[in-house]
Amino acid sequence: MALEVAPPDEVEETDRPLTASGRVMHRAPAGVQRVLVDMGEAGRLLGYLVKTAVKEPRGYWTATRDEMYYMLQFCWLPVMLAVGGFSFLIANYAYDLVSLLGAGNRLGTYFVFASLREISPFATGMAVAGVMGTAMTADLGARKIREELDAFTVLGIDAVRILVLPRVIAITVMMVAFNIVGSLLGMSMAMISATWLGTTSPGAFLGNLLGSMTVPELVGTTVKCTLIGIFIGVISAQKGLNAKGGAEGVGRAVNEAVVLSFAAVWVFNFIVNATMLGLNPEMLISR
């Protein structure tokens, strides 16, 4: 007679009641859940970076300087080509248009708006995200796959402070610096189009250019590039630190980081411009 062995009693797990936000997340589509999780992780990483940088503001400035020099070496040419080429193309089209209206000297007024608000931040952000953002994600992702980040934890070393904080600061500072140089380059391309290739005098071009340039315009483009630089650095780090699945996973993380960075350039550009023009309606006046 066979003995019947009763299976062990299964431990019943009591589900914890979900909060209102938890219920919303549970019912949301998988794609929306992933976006919200990425935003939460990026926000938590940014908060930790700010906390560790303010709490102990020493020990990472040498690495930050080295990262800025490294970024200058590899980014200056793509940024200058992107900003200069795009500005020269738009300047020629714009000059042909205003010349038909008999107002070729107004190209200087137009290019204060075009270069400072749109072309230079946009092209600079794209170049920085495509060169340094992808390099940062690939490096951190490779370290994650090789378990180097786990080795840092075992040794008691804060990998985020050592590897991420200097790069985020470097990307943010160099984003602003590249934008300043790119804005000057863009307005120089416009001047070449109006004076050397056109019939406008340099004095008329510079008079309209400097007359239309305002402090809120300069502050707005600086704030915009600062936000873009922070986002590129944080999202690139977050994707690299959470990479999984071998080399394919690293490639996927790089692709996601650069796509999100490109989208952020558009979003921050719209938000900052709308806020800046709403707070300073006089900027809409063509002088």
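Start by selecting Arg65, which is exposed, with a relative accessible area of 53%; exposed means over 50%, buried under 20%, and partly exposed in between (1.4 Å probe, protein chains only). The model is predicted: local features need pLDDT of at least 70, side-chain atom pairs count only at pLDDT 80 or more, and totals for chains, interfaces and linings use all residues. Residues are numbered from 1 along each chain as its sequence is written, and side-chain values use heavy atoms, with hydrogens and water left out.

Arg65 and Asp66 form a salt bridge, with 3.5 Å between the closest N and O atoms; the term requires a side-chain nitrogen of Lys or Arg within 4 Å of a carboxyl oxygen of Asp or Glu. Asp66 is partly exposed, at 40% relative accessible area. The structure contains nine salt bridges.

Next, select Asp139 and Arg167. Their side chains meet in a salt bridge at 2.8 Å, N to O. This pair links distant parts of the chain, 28 residues apart: Asp139 lies in helix H4 (residues 107–145) and Arg167 in helix H6 (residues 159–196). Helices here are DSSP runs (H or I, at least four residues), numbered from the N terminus. Asp139 is partly exposed at 25%, whereas Arg167 counts as buried at 13% relative accessibility.

Move on to Arg143 and Glu148, whose side chains form a salt bridge (3.2 Å, N to O). Arg143 is buried, with 19% relative accessibility, and Glu148 is partly exposed at 25%.

Finally, select Glu67, Asp139, Arg143, Arg146, Glu148 and Arg167 together: a network of salt bridges links these residues.

Conventions: Helices (H or I, at least four residues) and strands (E, at least two) are DSSP runs, numbered from the N terminus.
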